[in-house]
Amino acid sequence: MPRNALLLFSRLLLAALFVPSGFHVLTDIAGTAGYFAGLGLPLPTLVAWATGLFELIAGLLILVGLQIPIVALLLAAFCIAAGFIGHYGQGGDDPTLTFMHSQMLMKDIALSGGFLALAMAGAGAYSFDGRLFRIGPETT
């Protein structure tokens with residue numbers, strides 16, 4: 001598969017996680033704030049709003065391919081922070097919850113790797129960045 005098509009496909013897959021997640025957070029601020037309060041975060045409602053807006057806006061920017069190097073680096077850092085804040089050491093004495101949280105932490109770390117690769121590769125030709133920087137489909 002050509003490079004630019006793979007970059008588009010990778011952006012679609014990554015955005016498929018963050019756009020709905022951001023939308024869900026924004027439509028359930030109370031539930032998200034309750035989760036954040038349980039983690040001991042200060043100002044959980046404000047953190048919930050910030051998280052939801054960041055996930056939605058960053059996900060949309062990834063989807064359309066705008067400012068990809070910056071947005072992808074921010075999302076890589078966000079994934080590492082979210083993974084360690086939300087999942088590291090969570091689960092208590094319940095082995096099922098402990099396993100689930102360790103898997104979610106590893107998922108966040110893996111997503112960071114994908115975002116770092118995307119930051120390095122750029123958005124490709126099929127993106128707003130491609131149009132702005134005149135990246136043609138034949139560019140490798």
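Once neighbours within four places in sequence are left aside, Thr-32 is in contact with Val-25 and Ala-48, contact meaning heavy atoms within 4.5 Å. Thr-32 sits in helix H2 and is buried, at a relative accessible area of 10%. Here buried means under 20% relative accessible area, exposed means over 50%, and partly exposed covers what is in between (1.4 Å probe, protein chains only). The model is a predicted one, so local features need pLDDT of at least 70 and side-chain atom pairs count only at pLDDT 80 or more, while totals for chains, interfaces and linings use all residues. Residues are numbered from 1 along each chain as its sequence is written, and side-chain values use heavy atoms, with hydrogens and water left out.

Now for the overall picture. The chain has six helices and zero strands, which gives the order α-α-α-α-α-α from the N terminus on. Helices (H or I, at least four residues) and strands (E, at least two) are DSSP runs, numbered from the N terminus. Taken along the principal axes, the C-alpha atoms fill a box of roughly 55 × 30 × 20 Å. Of the 140 residues of the chain, 34% count as buried. Among contacts between residues at least 6 apart in sequence, 67% join residues at least 24 apart.

The largest pocket holds about 640 Å³, and its lining is made up of 26 residues, with Phe-36, Thr-51, Glu-55, Phe-78 and Ala-82 lying nearest its centre. The elements that give two or more residues to this lining are helix H1 (3-27), helix H2 (29-38), helix H3 (44-64), helix H4 (68-86) and helix H5 (95-121). H4 supplies the largest share, six residues. By type, the lining splits into 15 nonpolar, seven polar and four charged residues. For this count, Ala, Val, Leu, Ile, Met, Phe, Trp, Tyr, Cys and Pro are nonpolar, Asp, Glu, Lys and Arg are charged, and the others, Gly among them, are polar. As for how pockets are found, the search runs on a 1 Å grid over the protein atoms alone: a cavity is a set of points where a 1.4 Å probe fits but cannot get out, and a pocket is an open set with protein on both sides within 12 Å along at least five of seven lines, lining residues having an atom within 4 Å of a point. Grid points are joined across faces, edges and corners, and the volume is the space filled by probe spheres set on the points.

Not counting residues up to four places away in sequence, Ala-72 touches Ile-62, Phe-115, Leu-118 and Ala-119.

Leu-73, also placed in helix H4, is partly exposed at 46% relative accessible area. Beyond its neighbours within four places in sequence, Leu-73 is in contact with Ile-68, Leu-116 and Ala-119. Leu-73 and Phe-115 are 42 residues apart in sequence, yet 6.5 Å apart in space, C-alpha to C-alpha.

The loops have a few things to show as well. Gly-65, in the loop between H3 and H4, is buried at 0% relative accessibility. Residues up to four places away in sequence aside, Gly-65 touches Arg-11, Ala-123, Ser-127, Phe-128 and Asp-129. Gln-67 lies in the loop between H3 and H4, is partly exposed at 35%, and has a phi near 55°, a positive value in a residue other than glycine. Leu-43, in the loop between H2 and H3, has a positive phi too, near 45°, and counts as exposed at 57% relative accessibility.

Finally, the structure holds one salt bridge, a side-chain nitrogen of Lys or Arg within 4 Å of a carboxyl oxygen of Asp or Glu. The partners are Asp-108 and Lys-107, at 2.7 Å, N to O. Asp-108 is buried at 6% relative accessible area, whereas Lys-107 is partly exposed at 31%.
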